[in-house]
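Here are my notes on the side-chain contacts, as numbered points. Please read them with the structure open.

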Amino acid sequence: MSIIQQVTSASLSDNWRTINIDALDPDSSTNFDTSTLRPSLAPVSESEIRSIGQQVRQLLRGGDAEGALRGALESAPYGGDDSVKEIHLGTVVEVLQGIRASEISGILGRIWGSEGGSEVVDCLMKYLYKGMAASATVGKTPSRGSTLTPQSTGAGFSQMGGRPGAQNESSGAAMSVLLSWHEKVVDVAGLGSVNRSMTDWRKV
């Protein structure tokens, strides 16, 4: 009797493709809690991040643009929920929009050369990419506002907004600011900053 004839109809009905072989592997991530490999992040509340935003804006209005930028980036709410992270994204972008284009390279150079500066600049790169993604989706989702609407700063990049139909122009102005910062960050920190910002498991 051939082996084909020995196969029963019951065995033919078994769908072996549905077997989860990862569950049978003791080294598989399904059998190991990978979250234990990462340190826990301190939770951040909405009131805390709004308070930080007020402090950062005070520094910016007081003329300490570098202190405002560093303060915003060093306070990134990695342990916050999505709404908290969106609030802080708006704060960071507002700071970026409030800094003159002629000051960007000097500020980045001083931050990069200071202790812990590389991590601060890498955090900025994360916010640049997140801001670009948010700005690119403005106008595609109806009735929802954007946290990236350019603000009137009185200095730095010219901001648009306030009139009907200006949302796409505003998002374009915000994108222009973010791209300008991206270029300067790459000049100061190199392409390594891009790689580090994309591979870091901590998300802004």
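1. The charged end of arginine 202 sits over the ring of tyrosine 78, 4.7 Å from its centre. The criterion is NZ of Lys or CZ of Arg within 6 Å of the ring centre and within 35 degrees of the ring normal. Arg202 also belongs to a network of salt bridges with Glu119, Lys126 and Asp200.

2. Basis of the values. This is a predicted model: local features need pLDDT of at least 70, side-chain atom pairs count only at pLDDT 80 or more, and totals for chains, interfaces and linings use all residues. Residues are numbered from 1 along each chain as its sequence is written, and side-chain values use heavy atoms, with hydrogens and water left out.

3. Salt bridges overall. The whole structure contains ten salt bridges. The term means a side-chain nitrogen of Lys or Arg within 4 Å of a carboxyl oxygen of Asp or Glu.

4. A link between helices. Glutamate 94 and arginine 57 form a salt bridge, with the closest N and O atoms 3.1 Å apart. Glutamate 94 lies in helix H5 (residues 82-97) and arginine 57 in helix H3 (residues 46-61), so the pair ties together parts that are 37 residues apart in sequence. Helices here are DSSP runs (H or I, at least four residues), numbered from the N terminus. Arginine 57 is partly exposed, at a relative accessible area of 25%. Buried means under 20%, exposed over 50%, and partly exposed in between (1.4 Å probe, protein chains only).

5. A bridge within one helix. Arginine 70 pairs with glutamate 74, the closest N and O atoms being 3.1 Å apart. The two are four residues apart in helix H4 (residues 65-74), separated by about one helical turn. Arginine 70 is buried at 18%, whereas glutamate 74 is exposed at 51%.

6. One further bridge. Arginine 100 and glutamate 103 meet at 3.8 Å, N to O. Arginine 100 is partly exposed at 42%. Glutamate 103 is partly exposed at 32%.

7. The nonpolar core. The largest one has 38 residues, and Leu69, Leu96, Leu128 and Trp181 have the most contacts inside it. Such a core is a set of buried Ala, Val, Leu, Ile, Met, Phe, Trp, Tyr and Cys residues joined through side-chain atoms within 4.5 Å. H7 supplies the largest share, eight residues.

8. Around leucine 128. Leucine 128 touches Leu96, Leu178, Trp181, His182 and Val185, not counting residues up to four places away in sequence. Contact means heavy atoms within 4.5 Å.
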